[in-house]
Amino acid sequence: MVVLSVLINYDEGVIKMVFEIIIGIIVALFIYGVLHHFFVINPEKEYQAINKDHVDAVVFKMVSDLQSQKQNINFYQFISSTVLTDVWGRGVMVYEYKYQIQSDLELLKIRFILEGSLAKQPHEIKQIAHKLIITDCWLNDHLLTFDVADEQNDATEEYVKDIKKIDQK
């Protein structure tokens, strides 16, 4: 009997200690999650929103210039621009643009025209000191979608290298 009561008391103490450790780990993970959200995620999203505004200005100027140059691409409706960080990972500065267009040109020619025009734009708008490049471009039923990468950090540079490798295959 005495041995049994010692084991029961021992088990209760061990169970209590394990329970306290589990609660401690849960509280620590919660505190880490809150701190990570406020000190990493929020500032990064704010920076991306500011950067997106600058890249948007460059892309909108590029489209406006192409419209005035009569490049056989009629951008007649802007659809959307979105941040692709959720797709490609944290720190990757890639933005997707969608336009309804009317053009008889093939996709490679359209991409060539977009890349040439985009290469000229950052020198005219001083907020962007980084290299902007088109990493992907496709046309589906007069909906032109293209991705613009702002090569300002290592994560984006790695993304661009990976996309170039995929394009070569």
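Q: What makes two rings of Phe, Tyr or Trp a pair?
A: Rings of Phe, Tyr and Trp pair if their centres lie within 6.5 Å. Planes over 60 degrees apart count as edge-to-face.

Q: How many aromatic pairs does a search of the whole structure find?
A: This is a predicted model. The search finds 5 aromatic pairs in it.

Q: How is a pair of aromatic rings described?
A: By the distance of the centres and the angle of the planes. Now the case here. Phenylalanine 75 and tyrosine 99 sit 5.3 Å apart, centre to centre, with 80° between the planes. That pair is edge-to-face.

Q: Which parts does the pair of phenylalanine 75 and tyrosine 99 tie together?
A: Phenylalanine 75 is in strand 1 (residues 73-83), and tyrosine 99 is in strand 2 (residues 94-103), so the pair ties together parts 24 residues apart in sequence.

Q: Now the pockets. What is the volume of the largest pocket?
A: About 180 Å³.

Q: Which residues line the largest pocket?
A: The lining includes Ile41, Glu44, Lys45 and Gln48. Val83, Leu84, Thr85, Asp86, Gly89 and Arg90 also line the pocket. By type, the lining has 3 nonpolar, 3 polar and 4 charged residues.

Q: Which helices supply at least two residues of that lining?
A: Helix 1 (2-69) and helix 2 (85-88). Helix 1 gives the largest share, 4 residues.

Q: Next, the surface. Which residues make the nonpolar surface patch?
A: Among them are Val18, Phe19, Ile22, Ile23, Ile26 and Val27. Phe30, Ile31, Val34, Leu35, Phe38 and Phe39 belong to the patch too. The patch covers about 1200 Å². One of its residues, isoleucine 26, lies in helix 1.

Methods
Residues are numbered from 1 along each chain as its sequence is written. This is a predicted model: local features need pLDDT of at least 70, side-chain atom pairs count only at pLDDT 80 or more; totals for chains, interfaces and linings use all residues. Side-chain values use heavy atoms; hydrogens and water are left out. On a 1 Å grid over the protein atoms alone, a cavity is a set of points where a 1.4 Å probe fits but cannot get out, and a pocket is an open set with protein on both sides within 12 Å along at least five of seven lines; lining residues have an atom within 4 Å of a point. Grid points are joined across faces, edges and corners, and a volume is the space filled by probe spheres set on the points. Ala, Val, Leu, Ile, Met, Phe, Trp, Tyr, Cys and Pro count as nonpolar, Asp, Glu, Lys and Arg as charged, and the others, Gly among them, as polar. Patches are made of residues with over 30% relative accessible area and no salt bridge: like charges are joined within 9 Å, nonpolar side chains (Val, Leu, Ile, Met, Phe, Trp, Tyr) within 5 Å. Accessible areas come from the Shrake-Rupley method with a 1.4 Å probe; for residues, only the protein chains shown count as cover. A salt bridge is a side-chain nitrogen of Lys or Arg within 4 Å of a carboxyl oxygen of Asp or Glu. Rings of Phe, Tyr and Trp (its six-membered ring) pair if their centres lie within 6.5 Å; planes under 30 degrees apart count as stacked, over 60 as edge-to-face and the rest as tilted.
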